Amino acid sequence: MSGGAARERKKKRVLKLPKSLRLPRMEEWQMFNTSRLSAIQEAEEKKFRELPEDVQKMATMKKKDIVEEKMKSAEGNEEGDTQQKVEAAESEAQAALDAFELPPLIDEETRAEKEKLLKEGFV
């Protein structure tokens, strides 16, 4: 059986926009300009996919994912307390997230338009 070979070939995961950049759920009764908001969202997604893969990954990572990566890389080093390793990995992860800033995907004018359109839909 070739079940093991299929598991080895991992499907490349398509990264989505970070949650903070995605559009909120829009209902029909809300008066959103959905066509314009969708066009802005598509432009953001296109720019996001043009970014280097490591920037995309960092933008979508959560603190726990970074901690897990740090712990895996530290497994070879058996010295030290496990709790200390976890705390060090968590502080490094938080520092990495704090230091990371996603480059602007749309210009200021379009971003302002997006915010205005989103506010109008909730009236």
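Where is Phe 100 found? Phe 100 sits in the loop between α5 (82-99) and α6; helices here are DSSP runs of H or I with at least four residues, numbered from the N terminus.

Before going on, the basis. This is a predicted model, in which local features need pLDDT of at least 70, side-chain atom pairs count only at pLDDT 80 or more, and totals for chains, interfaces and linings use all residues. Residues are numbered from 1 along each chain as its sequence is written, and side-chain values use heavy atoms, with hydrogens and water left out.

On confidence: pLDDT is the predictor's confidence in each residue, from 0 to 100. The chain has a mean pLDDT of 79, with 81% of its residues at 70 or more. Where pLDDT is low, the predicted coordinates should not be read in detail.

Back to Phe 100. Its relative accessible area is 26%, so Phe 100 is partly exposed; buried means under 20%, exposed over 50%, and partly exposed in between, with a 1.4 Å probe and protein chains only. Setting aside neighbours within four places in sequence, Phe 100 is in contact (heavy atoms within 4.5 Å) with Val 55, Met 58 and Ala 59. For Val 55, the C-alpha to C-alpha distance to Phe 100 is 9.0 Å, across 45 residues of sequence.

Next, Lys 114, in helix α6 (residues 108-121). Buried or exposed? Lys 114 is buried, because its relative accessible area is 10%. Its side chain makes a polar contact with the side chain of Glu 44 at 2.8 Å; that term means a pair of N or O atoms within 3.5 Å, where, within protein, one must be able to donate a hydrogen and the other to accept it, and residues adjacent in sequence count only if both atoms are side-chain atoms. Not counting residues up to four places away in sequence, Lys 114 also touches others, including Leu 21, Leu 37 and Ile 40.

Glu 45 is in helix α2 (residues 34-50). Glu 45 counts as partly exposed because its relative accessibility is 28%. Glu 45 and Leu 17 are 28 residues apart in sequence, with their C-alpha atoms 6.4 Å apart.

Notes. Helix = DSSP H or I, 4+ residues; strand = E, 2+ residues; numbered from the N terminus.
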